[in-house]
Each structure stands twice: as structure tokens, then as C-alpha cells.
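Thanks for coming. I will go through one model this morning, starting with the core and ending with a pocket.

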Amino acid sequence: MPAVRTTRTLRTAVAAALAAGLTATALATPALAASEPRQRDHEATQRALQAQIDMGVPGVVAQARDGRRNWTGTAGERGGDDHYRIGSLTKTFVATVLLQLQAEGRIDLDDPVEKWLPGVVRGNGHDGRRISVRQLLNHTSGVHDVTSDPAFQEKVFGPGFLEHRYDTWTPRQLVDVALSHPADFPPGTSWSYSNTNYVLAGMIIEKVTGRPYGKAVENRIIKPLKLRDTSVPGTRASMPRPSSPAWSTLSADPGAPVHDVSRLNPSVAGSAGEMISDSNDLQTFYRALLKGRLLPGAEMRELTTTVPVSPEVPQIRYGLGIMWEKLSCGQEIWGHSGGIHGSSTEGRVTRDGEHSLALNLNADWTGDGAAVLEAEFCGASPRP
């Protein structure tokens, strides 16, 4: 998600695009490309980073790997090694853990949610007996999104943030806010991005393993891949060093005053979006995942089995905690987008795991991360 406002919360860029409409470039139906364009010294990507500053983003950092070649670009106040909150990229970590548990025979993704969380998903048309774990992971469950609740938005993403930024939220509290609304649709009949799905997924990991979901992420992904700059902060409000401030208007009005929102209690996002990382670690994770280092073949096929998000956006499909996207040049990339207060993140990699990009904008009211993706993977300069 590129912005956190009273109406744009922890959603990824997928949900924001469906709500607000994609750019003309993204909506174009691309021809299939035989090979990916290569750019010398990532010149187009650097220009796209500078374009973010011209739009009013205080700072942006991007890192890319193409085979064995590494590149880092910055503009504005971001540093090349900065840590940042990655928002919904957390979902890919959570889905990976559940797929690992399935490979070990400890859970079946076709289990009903009720089996693991008895009585939790009930009311207003929600019924955990009819929703599978898989439907949580690919957003076909119909479970309402907690971040769409108007009172939640005002308290958490609007002016109320300044008073409530250090509040602790339990997963059950977040789920209960969502279930106070009607279900979006019967399970399996449509698609709608819902952070509640991944709050529930984190609760299921805890039920299966007997430990908080963050411990499973640490033991199964962070430590084996040596992601030293990646963490699951829980309720810790501070950011690790180095980092630069995260900025938000806390308003749908882009002209509203800007606030430093770097410090917050990330339990408000929980297993839907609380993690912290940097561009180097994110690339390591997505490259390892797509190369099959974290999952057996059967689970890799499930991870990358996608569902459509909308007939109007055929170039985007959603797998299990991961998104498939076809760019304007025909290049296909995998990964996720994430937004949380003052932080907009993109992590993408080609299916062979060889060309990757991770970037972060330290603002949530302006910027266009999609233009940077186009620049890196298609060699396209941003439009004036």
C-alpha cells in the first residue's frame, strides 16, 4: 500500500489500486516479452527514485540484484542501509510458515479455520466452519477487513494516532472489530484484500506450534537465511539503527501538516504487517523463496497458484501471501507491496529468483512505487 490515510490503511498496493484505479501504464495490456530489458548502471531506476522526491516524498531507497550484480540507489533523506517497516510484506513470511507446516504434515491448508480457532470466526455472516486456511491466505475468505472500520481508521490512521500510537492491540481485538461488520461475500465466491485474514493466519500458526507466530518466522526464515536486519517487533515502538524518519499527514488531505510517525506500537498490524527489515534482507528472502530454498516443490506450486483479483486488473493475480504481476513490457514479477504509517515498501523478484528489487518510500501520502518497478524491470523512465 502506497499510502496510510483515514481511508488507505494497511492494504497493499493491490487493494489501493482496486479502490483508486491503476495508472494508464499499469492498465495497458502488455505484449509478452521474450526477455527482460537490461539497463546500464540502473539509470532508469535512479531517475525514478528522483521522481519520487519531485513528488514530495522526503526520502527513498532501493536495492537491486541482477544475477551477481548489486546496486543501491537513494534519493532525499533515505540511506542505503536504512531499516524500515515493511507492512504487508509480512504476509509472505506468514504464508511461507504455514506452507512449511503443511509440508511437515502438521496442518492442511484446506482445513477449516474452525478446526484451529474454534468459535473465533462467527457472526455477521462469518463462519469459520466454511472458510479454509487457504482462503485466508489468498483473500477469498470473505472475512471483513479490520482496517476498513471507520472508527479504527480514525483512531489508528487519522488524528487519533497521536494519542493512541503506543496502544497495544491483541489479535483477538483486531478480529472482533472486523467481525462486527457483515462478511464481504460467501467464502470462495470472490476476492477482497483483508488484513484480518492474516491476523487469523498468525493465530493459527500459534495454535499449531504452541508459540507466537513471530517465533516461527524467526526460527524458520530469519535465522536460516541470516536476515540480520529483519525482525518481528511485537509491541516494541522503536526502530533499529540506521533508519530515517517515517512521515505521515494522518489525513486524506495531502496538504495537511506532516508528522513524524516513526515510533508506534506495531501490534496494531500484527501478523498482517508488523515486521521490520531492509532492502538487502528483503531481496535475500524473496530470492530464496522463489528459488525453492524455503519450500518443497508441492508447496511451491501452491504458493504460486494464483486467483484473479478483478476482471478490470488482469495483470495482477494473488497467490498465497504473494502477488504475480505483469508489467507494461511483459515482464512477470512476484512479491508483495506494503504500507504502514509513513512507510511504503515494494519487494519483487523474477520467477527464476535472479533479478530482484526492494524499495521503500518514507511517506504515505504521495509517491509511486509502481513507477520504480517499471523502471527497474522494464528500463522505462517515469512519465513527466
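Which residues have the most contacts inside the largest nonpolar core? They are Phe93, Leu98, Phe152, Leu200, Ile204 and Phe285, in a core of 76 residues. A nonpolar core here is a set of buried Ala, Val, Leu, Ile, Met, Phe, Trp, Tyr and Cys residues joined through side-chain atoms within 4.5 Å. Buried means under 20% relative accessible area, exposed over 50%, and partly exposed in between, with a 1.4 Å probe and protein chains only.

Before I go on, the conventions. This is a predicted model, in which local features need pLDDT of at least 70 and side-chain atom pairs count only at pLDDT 80 or more, while totals for chains, interfaces and linings use all residues. Residues are numbered from 1 along each chain as its sequence is written, and side-chain values use heavy atoms, with hydrogens and water left out.

The element that gives it the most is α10, with 8 residues. Helices (H or I, at least four residues) and strands (E, at least two) are DSSP runs, numbered from the N terminus. Leaving aside residues up to four places away in sequence, Leu98 touches Ile107, Leu109, Val133, Leu137, Ala201, Ile204 and Ile205; contact means heavy atoms within 4.5 Å. There is also a second, separate core of 22 residues, and Leu49, Val57, Ala62 and Leu361 are among them.

Next, the aromatics. How many aromatic pairs does a search of the whole structure find? It finds 7. Rings of Phe, Tyr and Trp (its six-membered ring) pair if their centres lie within 6.5 Å; planes under 30 degrees apart count as stacked, over 60 as edge-to-face and the rest as tilted. Tyr193 and Tyr318 make an edge-to-face pair, at 6.5 Å centre to centre and 80 degrees between the planes. Tyr193 sits in the loop between α9 (171-179) and α10 (195-209) and Tyr318 in strand β10 (residues 316-318), so the pair ties together parts that are 125 residues apart in sequence. Both Tyr193 and Tyr318 are buried. Elsewhere, Phe93, Phe285 and Tyr286 form one aromatic cluster.

That brings us to the strands. Two strands pair if DSSP finds at least two bridges between them. β10 pairs with β11 in the antiparallel sense over 3 bridges, with Arg317 and Trp324 as bridge partners. Their hairpin has 4 residues between the strands, and Gly321 there takes a positive phi near 75 degrees. β11 also pairs with β12 (residues 332-340), antiparallel, over 4 bridges; Lys326 has Glu332 as its bridge partner. This hairpin has 5 residues between its strands, and Gly330 in the turn has a positive phi of about 95 degrees.

In a regular strand the side chains alternate between the two faces of the sheet. In β11 (residues 323-326), Met323 and Glu325 point one way and Trp324 and Lys326 the other, and all are buried.

Last, α9 and a pocket. Leu174, Val175, Val177, Ala178 and Leu179 are the buried residues of α9. Their cover includes β4 (122-123), β5 (126-127), α7 (150-156) and α10. α9, α10 and α11 (213-222) each supply at least two residues to the lining of the second largest pocket.
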